[in-house]
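Subject: Structure handover

Hello,

Here is the structure for you to look through. Please open it first, then read the notes below it.

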Amino acid sequence: PVGIWEYVGKRGTIRDYAGFNPSVDAEAIRKAIRGIGTDEKTLISILTERTNAQRLLIAKEYQALCGKELKDDLKGDLSGHFKHLMVALVTPPAVFDAKQLKKSMKGMGTNEDALIEILTTRTSKQMQEIGHAYYTAYKKSLGDEISSETSGDFRKALLILANGRRDESLKVDEQLARKDAQILYNAGEKRWGTDEDAFTDILCLRSFPQLKLTFDEYRNISQKDIEDSIKGELSGHFEDLLLAIVRCARNTPAFLAERLYRALKGAGTDEFTLNRIMVSRSEIDLLDIRAEFKKLSGYSLYSAIKSDTSGDYEITLLKICGGDD
């Protein structure tokens, strides 16, 4: 796969529902919530078989019908991880990402992994929409929040990514790749100390296809993989961020598959990550993520979810997952 923007919508597990009728769906959901006890089956089957755009139309009809917001009724009626997942499904993608970013910077300490994952895997256009959504929701700019929660080179790089300034053209320039590779080599391997800004500028501003070519050239010049140089030259969250960019440029679905693998492995499940990736990639590249997950772990994402979750939460995740590999 080249960049994420190239096949948006083509490699997702959730497609537009044929014969879609938002008012019929809204009425069915109203009955499912209003009845004695909630009819979770109906809720799940409707919300997991519609795209986000269709769900938002259902939510609009629901509000006209009931005078209340669908997400508020879901919050009031459901609980636990199942509730978070269902609410995520009826949230516009940019608003969902903005909320996830807010959560990752809230309270004691920052969840750098979540910050890194969102900022490295979203397109520039998505980042600009997330920035708007963030400001609308919190009356604070995303950049200011990142500035107050992070520092140093890590902060500098995050701010460039948050501004949505990465080039997104699919054209690659071999001369530029050679030039950038030489700059990276001169900034790291070739000198005492490291010129962090050179790494930041190139890795945060060039398109993914361009970076792939640059990494090939880098290998020719230095006889080393760019990952090895980054590990040798840099440290901490800044190192984590740049390694994430390299992995995304090479293969975004593989990067996200590894995140899912870690979220599902070992004691306890990281539902925060699991929900975010399943929901945010369900219409983009979840089919590719599934294939990469199998390659990485030897078992299917479907079976990992099955053995790690339960109840309505499990049923919903499996429907989003869309099949066993």
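How many residues does helix 17 have, and how far does helix 17 reach from its first C-alpha to its last? Helix 17 (residues 286–297) has 12 residues and reaches 16 Å. That is close to the 16 Å expected at 1.5 Å a residue. The expected span is 1.5 Å times one less than the number of residues. Helices here are DSSP runs (H or I, at least four residues), numbered from the N terminus.

Two notes on the source. This is a predicted model, in which local features need pLDDT of at least 70 and side-chain atom pairs count only at pLDDT 80 or more, while totals for chains, interfaces and linings use all residues. Residues are numbered from 1 along each chain as its sequence is written, and side-chain values use heavy atoms, with hydrogens and water left out.

Which residues of helix 17 are buried? They are Leu 286, Asp 288, Ile 289, Arg 290, Glu 292, Phe 293 and Ser 297. Buried means under 20% relative accessible area, exposed means over 50%, and partly exposed is in between (1.4 Å probe, protein chains only). The cover over these buried residues includes helix 15 (236–264), helix 16 (271–280), helix 18 (301–308) and helix 19 (311–321).

Lys 294 also lies in helix 17. Lys 294 counts as partly exposed because its relative accessible area is 33%. Not counting residues up to four places away in sequence, Lys 294 touches Tyr 299, Ser 300 and Asp 325. Contact means heavy atoms within 4.5 Å. Just after the helix, Gly 298 takes a positive phi of about 85°.

Ala 88

Ala 88 sits in helix 5 (residues 80–89). Its relative accessibility is 4%, so Ala 88 counts as buried. Leaving aside neighbours within four places in sequence, Ala 88 is in contact with Phe 96 and Val 279. Ala 88 and Leu 101 are 13 residues apart in sequence, and their C-alpha atoms are 14 Å apart in space.

The core

In soluble globular proteins, nonpolar side chains tend to be buried together. A nonpolar core is a set of buried Ala, Val, Leu, Ile, Met, Phe, Trp, Tyr and Cys residues joined through side-chain atoms within 4.5 Å. The largest such core here has 88 residues, and Leu 74, Leu 203 and Met 278 touch the most other members. Helix 15 gives the largest share of this core, 14 residues. Beyond four places in sequence, the contacts of Leu 203 include Arg 166, Leu 184 and Phe 215.

The pockets

A pocket is found on a 1 Å grid over the protein atoms alone: it is an open set of points with protein on both sides within 12 Å along at least five of seven lines, and lining residues have an atom within 4 Å of a point. A volume is the space filled by probe spheres set on the points, which are joined across faces, edges and corners.

The largest pocket has a volume of about 470 Å³. Of its 22 lining residues, the closest to its centre are Pro 93, Gln 126, Ser 280, Glu 283 and Ile 284. Helix 6 gives the largest share of this lining, four residues.

The second largest pocket holds about 400 Å³ of space. Of its 17 lining residues, the closest to its centre are His 84, Phe 96, Lys 99, Gln 100 and Lys 103. Helix 5, helix 6 and helix 16 each supply at least two residues of that lining.

Best wishes

Note on methods: On a 1 Å grid over the protein atoms alone, a cavity is a set of points where a 1.4 Å probe fits but cannot get out, and a pocket is an open set with protein on both sides within 12 Å along at least five of seven lines; lining residues have an atom within 4 Å of a point.
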